[in-house]
Amino acid sequence: MQADEVYIRRCLELAALGAGSVSPNPMVGAVIVQADKIIGEGYTSPYGGPHAEVNAVQHAIHLWGKEKAEELFKTATIYVSLEPCAHFGKTPPCADLLISCQFQKVVVGCLDPFAKVNGLGVQKLREAGIGVVVGVSEQACQWMNRRFFTRIAKHRPYVILKWAETMDGYFAPKDSMQKWISNAASKQLVHKWRAEEDAILVGAHTAIVDNPSLTTRYWTGKSPKKVLIDKNLSVPLDAQMFLTEAEDLIVFNAEKTDWKGHLKYIQLENFDLYLPQNILYQLYLMDIQSIIIEGGVKTLNHFIQAGLWDEARVIVGNSNWNEGLKAPNLDKIPQEEMAVGDDKLKIYFNN
């Protein structure tokens with residue numbers, strides 16, 4: 001592996017530390033290298049805070065002192081997993097910072113497709129006389145920010161389908177009673193996934209039968225915003241979803257629009273017409289970059305039939321029921337499979 005790839009891979013490791021906190025910004029890592037030695041590194045702070053490049057520069061200054069760090073920068077290369085921004089947003093342009101630091105070279109994993117950046121950051125750097133290399137480990141860098149890229153390109157959140165099924169393909173009992181399929185390790189993994197995404201969605205039937213809280217209580221991290229599809233507002237207000245006020249609860253329905261603090265009712269006209277499309281566009285307008293669809297079968301099938309999903313994570317438990325409600329069918333072969341205790345995790349991508 002070339003040295004540039006090694007340092008960009010380190011950028012990606014750093015970028016991943018921002019999962020669940022930087023949205024709707026992308027996850028970015030930055031590494032400063034001088035004389036084959038890392039002298040500073042950083043990743044994007046929670047939304048509204050400094051970007052990866054700023055944190056890497058500040059880290060170097062902390063380690064070496066301002067005067068020494070500024071001298072080192074002049075013969076250093078800064079590696080960044082995503083093109084430095086060129087516009088004023090919540091923070092000043094990172095491209096301007098790199099120019100002021102007089103870095104000798106900038107290595108960029110991939111370009112930023114956001115219209116106010118998209119090549120402009122690289123252009124600024126080159127016009128300032130800084131050597132720029134673009135496209136190192138490009139696919140891995142694009143994959144890191146698949147949520148951000150999907151939102152920019154498709155004007156909707158990145159959609160992850162998630163469900164558990166038995167070995168013989170059943171999703172739930174016929175009698176609508178709650179019956180657990182997956183093991184404790186899988187349950188903890190699901191809570192980790194929730195902490196990494198902006199929102200989580202269920203339908204009214206699941207909210208009534210399972211009464212989920214949709215939190216991350218088995219994992220350290222923020223709980224996602226909750227999204228409920230409830231056409232006729234049939235879910236009682238004492239359901240677990242309604243009891244916590246730390247996260248927004250967005251209720252898509254056919255009855256009313258009413259925003260009160262964390263509780264947001266959004267009425268959809270012609271409710272049953274293009275339901276997944278309308279929900280995802282509304283969430284896009286609310287700066288929600290990614291969402292997990294957790295069920296039930298009717299809700300999952302809405303998104304599957306519309307082709308509006310990017311990734312599916314299916315946990316197959318170690319049991320056979322012989323009867324029940326059949327799990328959704330993606331009609332695809334999983335691209336990844338792995339064991340989670342005695343469960344099996346199958347991952348599908350819609351590409």
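A residue counts as buried when its relative accessible area is under 20%, and as exposed when that area is over 50%. The exercises below use this cut-off on a predicted model.

**Exercise 1. State where Leu249 is found, and decide whether Leu249 is buried or exposed.**

Step 1. Leu249 belongs to strand 10, which covers residues 249-253.

Step 2. The relative accessibility of Leu249 is 0%, so Leu249 counts as buried.

Step 3. Beyond residues up to four places away in sequence, Leu249 touches Lys226, Leu228, Met241, Phe242, His262, Leu263 and Lys264.

Step 4. Trp259 lies 10 residues from Leu249 along the chain, and the C-alpha atoms of the two are separated by 10 Å.

**Exercise 2. Describe how helix 2 and helix 4 pack.**

Step 1. Two packed helices are described by the angle between their axes and the distance between the axes.

Step 2. For helix 2 (residues 52-64) and helix 4 (residues 94-101), the angle is about 30° and the axes are 9 Å apart.

Step 3. Angles under 35 degrees count as roughly parallel. Helix 2 and helix 4 are therefore roughly parallel to each other.

Step 4. Helix 2 contributes Glu53, Val54 and Val57 to the contact, while helix 4 contributes Cys94, Leu97, Leu98 and Cys101.

Step 5. Sorted by class, this contact of helix 2 with helix 4 has 6 nonpolar residues, 1 charged residue and no polar ones.

**Exercise 3. Find the residues with the most contacts inside the largest nonpolar core.**

Step 1. In soluble globular proteins, nonpolar side chains tend to be buried together.

Step 2. The largest nonpolar core here has 43 residues, and the most contacts inside it belong to Ile32, Phe73, Ile78, Tyr79 and Phe103.

Step 3. Helix 1 (residues 3-15) supplies the largest share of this core, 6 residues.

Step 4. Apart from this core lies another, of 33 residues, including Ile229, Ile291, Leu308 and Trp309.

Step 5. Take Tyr79 as a case: leaving aside neighbours within four places in sequence, Tyr79 is in contact with Asp4, Tyr7, Ile8, Cys11, Gly29, Ala30, Val31, Val33 and Val107.

**Exercise 4. Locate cis peptide bonds and positive phi values in the backbone.**

Step 1. Most residues other than glycine have a negative phi, and most peptide bonds are trans.

Step 2. Ser23 and Pro24 are joined by a cis peptide bond with omega of about 10°. Pro24 sits in the loop between helix 1 and strand 1 (29-34).

Step 3. Another cis peptide bond joins Gly295 and Gly296, with omega of about 5°. Gly296 is in the loop between strand 13 (290-295) and helix 12 (297-305).

Step 4. Asp287 has a positive phi, near 65°. Its place is the loop between helix 11 (275-285) and strand 13. With a relative accessible area of 36%, Asp287 is partly exposed.

Step 5. Asn322 also has a positive phi, near 70°. Asn322 lies in the loop between strand 14 (311-316) and strand 15 (325-326). Its relative accessible area is 66%, so Asn322 is exposed.

Technical notes. Residues are numbered from 1 along each chain as its sequence is written. This is a predicted model: local features need pLDDT of at least 70, side-chain atom pairs count only at pLDDT 80 or more; totals for chains, interfaces and linings use all residues. Side-chain values use heavy atoms; hydrogens and water are left out. Axes are lines fitted to C-alpha atoms, for helices over the stretch in contact, and angles run from 0 to 180 degrees between N-to-C directions. Helices (H or I, at least four residues) and strands (E, at least two) are DSSP runs, numbered from the N terminus. Angles under 35 degrees count as roughly parallel, over 145 as roughly antiparallel, 65 to 115 as roughly perpendicular and the rest as oblique. Contact means heavy atoms within 4.5 Å. Ala, Val, Leu, Ile, Met, Phe, Trp, Tyr, Cys and Pro count as nonpolar, Asp, Glu, Lys and Arg as charged, and the others, Gly among them, as polar. A nonpolar core is a set of buried Ala, Val, Leu, Ile, Met, Phe, Trp, Tyr and Cys residues joined through side-chain atoms within 4.5 Å. Buried means under 20% relative accessible area, exposed over 50%, partly exposed in between (1.4 Å probe, protein chains only).
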